[in-house]
Amino acid sequence: MVILIWGQNKKIDGLNIDIASTKELLQGAVAKKENMDQPFDSKEHEKVLKSRTVSAKKIGAEIIAVENELASFYKSNESLPEDQAAYDELIKNLESAKAENTRLTNASEGDHIQTWKLNPEWTLKLESIVTYQDTDNVPVLFSMTTKSGKSAGLIYAVYDVANYKLTNISRHYTTDGLDDEIDVGGA
C-alpha cells in the first residue's frame, strides 16, 4: 500500500509540474497575442532595421579621400609651391588628411607616409558595397587601378563598426602596380 501511495504521489508531482509548465506556455502565448494585437508601426520597424544595418560605404568614401590627399603629397615628384598661401593651404590639407587617417585607422606618423596608393594617379575604389545586419565587424575590400586601367592591387581591412575604424589592414600590390609606383626622390 505504501508503495502504491508513493507511486501515486510521484504521478501527482509530475502532473503538477506539467500544469505549471502549461501555465507558463499559456502566459507566453497570451503575451505574444497581445503584442500581435498592437498595430504594426512600419516607420518604427524601418528605424530599427536601419539602426541594425551596417555598410562600409561612408567610412570607405572618407578613407579614399584621405588616401588621395596623402598620395598626392607623399607620392609626388612635384616641387612644393613657392607661393606662401599655396604652401600653407597644401600643409593645412596634409595635416587634415593625417588627422583623418589617424581617426579612421589609428595610423601613426610613419603610417601616413606609407600611403595605400603608390601613385597619386591611381584610382582607389571601395568594392565592399554589401550591407550587413547585427554585426560589429565588416570585411572591407578596396581595389586600385593604374591610370592605364591595369589592376594595381587590393587593400583588405575590417571595419570595426563600434569604434568607426578600419583595422587589420593588409595591402597587396600587383606587378603592374609595383611597376607604376612613383619613385619619390630616389627612395
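Is Lys-75 buried or exposed? In this predicted model, Lys-75 counts as buried, at 12% relative accessibility, because the cut-off for that class is under 20% relative accessible area. Lys-75 forms a salt bridge with Glu-181, in which the closest N and O atoms are 3.3 Å apart. Since Lys-75 belongs to the loop between H3 and helix H4 (84-105) while Glu-181 lies in the segment after helix H6 (175-179), the pair ties together parts that are 106 residues apart in sequence. Glu-181 itself counts as partly exposed, at 35% relative accessibility.

## Overall architecture

The protein chain has six helices and six strands, and their order along the sequence follows the pattern α-α-β-α-α-α-β-β-β-β-β-α. Of the 187 residues in the chain, 25% are buried, and the chain exposes about 12,800 Å², of which carbon and sulfur atoms supply 56%. Among contacts between residues at least 6 apart in sequence, 58% join residues at least 24 apart.

## Salt bridges within helices

Glu-62 counts as buried at 19% relative accessibility, whereas Lys-58 is exposed, with a relative accessible area of 60%.

Glu-100 is partly exposed, with a relative accessible area of 26%, as is Arg-103, with 34%. Salt bridges that share partners join Lys-58, Glu-62, Glu-100 and Arg-103 into one network.

## Aromatic pairing

The structure holds four aromatic pairs. One of them is formed by Trp-122 and Tyr-173, a tilted arrangement with 6.3 Å centre to centre and 45 degrees between the planes. This pair links distant parts of the chain, with Trp-122 in the loop between helix H5 (109-113) and strand S2 (123-126) and Tyr-173 in strand S6 (residues 165-173), 51 residues apart. Trp-122 counts as buried at 3% relative accessibility, while Tyr-173 counts as partly exposed at 25%.

## Surroundings of Ser-143

Ser-143 is found in strand S4 (residues 137-145) and is buried, with a relative accessible area of 13%. Its side chain makes a polar contact of 2.5 Å with the side chain of Glu-127. Leaving aside residues up to four places away in sequence, Ser-143 touches Thr-123, Leu-124, Lys-125, Glu-127, Gly-153 and Leu-154.

Conventions
Residues are numbered from 1 along each chain as its sequence is written. This is a predicted model: local features need pLDDT of at least 70, side-chain atom pairs count only at pLDDT 80 or more; totals for chains, interfaces and linings use all residues. Side-chain values use heavy atoms; hydrogens and water are left out. Helices (H or I, at least four residues) and strands (E, at least two) are DSSP runs, numbered from the N terminus. Buried means under 20% relative accessible area, exposed over 50%, partly exposed in between (1.4 Å probe, protein chains only). Contact means heavy atoms within 4.5 Å. Accessible areas come from the Shrake-Rupley method with a 1.4 Å probe; for residues, only the protein chains shown count as cover. A polar contact is a pair of N or O atoms within 3.5 Å; within protein, one must be able to donate a hydrogen and the other to accept it, and residues adjacent in sequence count only if both atoms are side-chain atoms. Rings of Phe, Tyr and Trp (its six-membered ring) pair if their centres lie within 6.5 Å; planes under 30 degrees apart count as stacked, over 60 as edge-to-face and the rest as tilted. A salt bridge is a side-chain nitrogen of Lys or Arg within 4 Å of a carboxyl oxygen of Asp or Glu.
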